[in-house]
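Please look at the sequence and the structure first.

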Amino acid sequence: MALQITESCVNCWACVDVCPNDAIYEDKPHFLIEPDKCTECLGDHADPQCAAICPIEMAIVNELGEFLNPPGSLTGIPIEKLKELGLWRDAA
């Protein structure tokens, strides 16, 4: 059970300090999550802290490949509009 950071990550560093397990590390071209350390914050927090603070949609996915901040969740742009603009993509 581990989260993954996608190529949508912009290396803003917001997630690094909130991870209770120090599972997030800098890599090129974006941050990554050490799967052996990631517990998805179970037992520490109700929600994964990296996803809760992440300002980028589609940057973090769970073990099922589902976005924790799906398209439109932070911007409020409806999925239909995202598709119309060519900004929609499915999970990893």
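In this predicted model, the side chains of Lys 81 and Glu 84 form a salt bridge, with an N to O distance of 3.2 Å. Both residues belong to helix H2, which spans residues 79-84, and because they sit 3 residues apart there, about one helical turn separates them. Lys 81 is partly exposed, at a relative accessible area of 36%, whereas Glu 84 is exposed, at 61%.

The structure has 2 salt bridges. Glu 26 and Lys 28 also meet through their side chains in such a bridge, at 4.0 Å from N to O. Glu 26 is partly exposed, with a relative accessible area of 43%, and Lys 28 is exposed, with 66%. The two bridges are set out below.

| Salt bridge | Distance, N to O |
|---|---|
| Glu 26 and Lys 28 | 4.0 Å |
| Lys 81 and Glu 84 | 3.2 Å |

Lys 28 also takes part in a backbone feature. A cis peptide bond links Lys 28 to Pro 29, with omega at about 5°. Pro 29 is located in the loop between S2 and S3.

The next topic is the aromatic rings. The structure contains 1 aromatic pair. The ring centres of Trp 13 and Phe 31 are 4.9 Å apart and the planes stand at 85°, so this pair is edge-to-face. Trp 13 is in the loop between strand S1 (4-5) and strand S2 (24-25), while Phe 31 is in the loop between S2 and strand S3 (32-33); the pair therefore ties together parts that are 18 residues apart in sequence. The two partners are also described by their accessibility: Trp 13 is partly exposed, with a relative accessible area of 44%, and Phe 31 is buried, at 1% relative accessibility.

Trp 13 has a backbone feature as well. Its phi is near 75°, a positive value in a residue other than glycine. Asp 22, which is not a glycine either, has a positive phi of about 50°. Asp 22 lies in the loop between S1 and S2 and is exposed, with a relative accessible area of 57%.

Which residues touch the most other members of the largest nonpolar core? They are Ile 5, Ile 24, Ile 33 and Ile 60, in a core of 17 residues. In soluble globular proteins, nonpolar side chains tend to be buried together. Leaving out residues up to four places away in sequence, Ile 5 touches Ile 24, His 30, Phe 31, Leu 32, Ile 33, Ala 59 and Ile 60. Phe 31, the buried partner of the aromatic pair, is thus also a contact of Ile 5.

Ile 60 is in strand S4 and is buried, with a relative accessible area of 4%. With residues up to four places away in sequence not counted, Ile 60 touches Leu 3, Gln 4, Ile 5, Cys 50, Ala 51, Cys 54, Glu 66, Phe 67, Leu 68 and Asn 69. One of these contacts, Leu 3, is 57 residues from Ile 60 along the chain, and the C-alpha atoms of the two are separated by 6.8 Å.

Asn 69, another contact of Ile 60, lies in the loop between strand S4 (60-61) and H2. Is Asn 69 buried or exposed? At 12% relative accessibility, Asn 69 counts as buried. A polar atom of the Asn 69 side chain lies 3.0 Å from the backbone oxygen of Ala 51. The Asn 69 side chain also reaches the backbone oxygen of Cys 54, at 3.4 Å. Apart from residues up to four places away in sequence, Asn 69 touches Ala 51, Cys 54, Ile 56, Glu 57, Met 58, Ile 60 and Leu 74.

The structure has 0 disulfides. Cys 19 is in no disulfide, and the nearest cysteine sulfur belongs to Cys 41, 6.0 Å away.

Conventions. Residues are numbered from 1 along each chain as its sequence is written. This is a predicted model: local features need pLDDT of at least 70, side-chain atom pairs count only at pLDDT 80 or more; totals for chains, interfaces and linings use all residues. Side-chain values use heavy atoms; hydrogens and water are left out. Buried means under 20% relative accessible area, exposed over 50%, partly exposed in between (1.4 Å probe, protein chains only). Helices (H or I, at least four residues) and strands (E, at least two) are DSSP runs, numbered from the N terminus. Rings of Phe, Tyr and Trp (its six-membered ring) pair if their centres lie within 6.5 Å; planes under 30 degrees apart count as stacked, over 60 as edge-to-face and the rest as tilted. A nonpolar core is a set of buried Ala, Val, Leu, Ile, Met, Phe, Trp, Tyr and Cys residues joined through side-chain atoms within 4.5 Å. Contact means heavy atoms within 4.5 Å. A polar contact is a pair of N or O atoms within 3.5 Å; within protein, one must be able to donate a hydrogen and the other to accept it, and residues adjacent in sequence count only if both atoms are side-chain atoms. A disulfide is a pair of cysteine sulfur atoms within 2.5 Å.
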